[in-house]
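Let's walk through a protein model together, one question at a time.

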Amino acid sequence: MLFNIHSLEWDKQLCEFFGIPMEILPNVRSSSEIYGLMVKKKNKTKKTKQQQQQKSKNLIIKVFFIRKHLYYSKFKGCFLLCNTGHKCVFSDHGLLTTVAYKLGRDKPVYYALEGSVAIAGAVIRWLRDNLGIIKTSEEIEKLAKEVGTSYGCYFVPAFSGLYAPYWEPSARGIICGLTQFTNKCHIAFAALEAVCFQTREILDAMNRDCGIPLSHLQVDGGMTSNKILMQLQADILYIPVVKPSMPETTALGAAMAAGAAEGVWSLEPEDLSAVTMERFEPQINAEESEIRYSTWKKAVMKSMGWVTTQSPESGDPSIFCSLPLGFFIVSSMVMLIGARYISG
């Protein structure tokens, strides 16, 4: 809210607008440099250094600093980022422009387009804690595998509105397409599909903004251990989904940036080793993928407009919306007609 992504400094005008003194804000630093020093006893410092050197020998990873590379993180929410290089690309399709990284005080800054989904892994927790159809988050894969389809059931988890690319706060969660044969397994499958459909919407927006369709999706996060979800993602996007053997890339990236600042290792692409990947290819035809996606879009439209700011008193212009008032007017009319009849 207060940071200027062009000057890479706190924005003076915004700080003045919100009444925030700039002197209370921390200094802006890059993503990879020494922020401070800690004093330890000599023997402990030596031990820590030895442990760090041992860990760096076992670290084998490939970092994706490629322009227009797409990176998707699946946790409680989902965050899809596309590296746009040194140029700020502003979206016309509901995405946000943000700073991707700056690896060193004198290094150039890289920007990214970002799309976010509020409810992803959190929908699994909702099924566990609120509906009670699963006892652990891992059980949802077993339930979804039992049926292998949602049987026409669609779940839009807009519990707090819709984020990118709609930005619609009036939306609320719905489950539609239910039949007498729908059971908890179908709802579990529909919940996993919902994560994938929301990803598809952001990916389509990024393709339109970047102008070049992306050939594959790189994923990480706790949800990527669910193989049903990964295969569904490949089917709905109709592009390969690639998952690294190390799922918690966020923490690993922070460690790599810290190590690079100390000179423990280099982050240059030619100095990085390849990492083992698991690849999921689409297993349905493109027509089926599009049909399922278009039905999802219908469900999303039905989820909108549930929350309104109009009060119930002003919602209906009819005078008969209030029962006491309506009864008074009707009874008055009857009495008036009766009086005229008697007098006549």
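Q: Which residues do ring pairs link into a cluster?
A: This is a predicted model, in which local features need pLDDT of at least 70 and side-chain atom pairs count only at pLDDT 80 or more, while totals for chains, interfaces and linings use all residues. Residues are numbered from 1 along each chain as its sequence is written, and side-chain values use heavy atoms, with hydrogens and water left out. Rings of Phe, Tyr and Trp (its six-membered ring) pair if their centres lie within 6.5 Å; planes under 30 degrees apart count as stacked, over 60 as edge-to-face and the rest as tilted. The cluster made by such pairs consists of Tyr154, Phe197, Tyr293 and Trp296.

Q: Which residue lies over the face of tyrosine 293?
A: A charge sits over a ring if NZ of Lys or CZ of Arg is within 6 Å of the ring centre and within 35 degrees of the ring normal. For tyrosine 293, which belongs to the ring cluster, the distance from the ring centre is 4.0 Å. The residue in that position is arginine 200.

Q: How many aromatic pairs does a search of the whole structure find?
A: A pair of aromatic rings is described by the distance of the centres and the angle of the planes. The search covers the whole structure, and its count is eleven.

Q: Why is the pair of phenylalanine 3 and tryptophan 10 called edge-to-face?
A: The two ring centres of phenylalanine 3 and tryptophan 10 are 5.7 Å apart. Their planes meet at 80 degrees, so the pair is edge-to-face.

Q: Which two loops hold tyrosine 151 and phenylalanine 181?
A: Tyrosine 151 and phenylalanine 181 form another edge-to-face pair, with 6.3 Å centre to centre and 80 degrees between the planes. Helices (H or I, at least four residues) and strands (E, at least two) are DSSP runs, numbered from the N terminus. The two residues are 30 residues apart and link distant parts of the chain: tyrosine 151 is in the loop between α4 (139–147) and β7, and phenylalanine 181 is in the loop between β8 (174–176) and α5 (184–210).

Q: What is the phi of tyrosine 151?
A: Tyrosine 151 is a residue other than glycine, yet its phi is positive. Tryptophan 167, in the loop between β7 and β8, also has a positive phi, near 50 degrees. For tyrosine 151 the value is near 55 degrees.

Q: Which residues does a cis peptide bond join?
A: Look in the loop between β7 and β8, where proline 165 is found. The omega of this bond is about 0 degrees. The bond joins alanine 164 and proline 165.

Q: How many residues of helix α6 are buried?
A: Helix α6 spans residues 227–237 and is mostly covered. Among its buried residues are Ile228, Leu232 and Asp235.

Q: Which residue caps the N-terminal end of α6?
A: A polar contact is a pair of N or O atoms within 3.5 Å; within protein, one must be able to donate a hydrogen and the other to accept it, and residues adjacent in sequence count only if both atoms are side-chain atoms. Here a side-chain oxygen lies 3.1 Å from the backbone nitrogen of isoleucine 228. The capping residue is asparagine 226.

Q: Is lysine 243 buried or exposed?
A: Lysine 243 lies in strand β10 (residues 241–244). A polar atom of its side chain lies 3.3 Å from the backbone oxygen of threonine 224. Its relative accessible area is 12%, so lysine 243 is buried.

Q: Where in the chain is confidence lowest?
A: pLDDT is the predictor's confidence in each residue, from 0 to 100. The chain averages 80, and strand β7 (residues 154–156) has the highest mean, at 96. The lowest mean is 38, in helix α2 (residues 42–58).

Definitions and conventions
Buried < 20%, exposed > 50% of the residue type's maximum accessible area, 1.4 Å probe, protein only.
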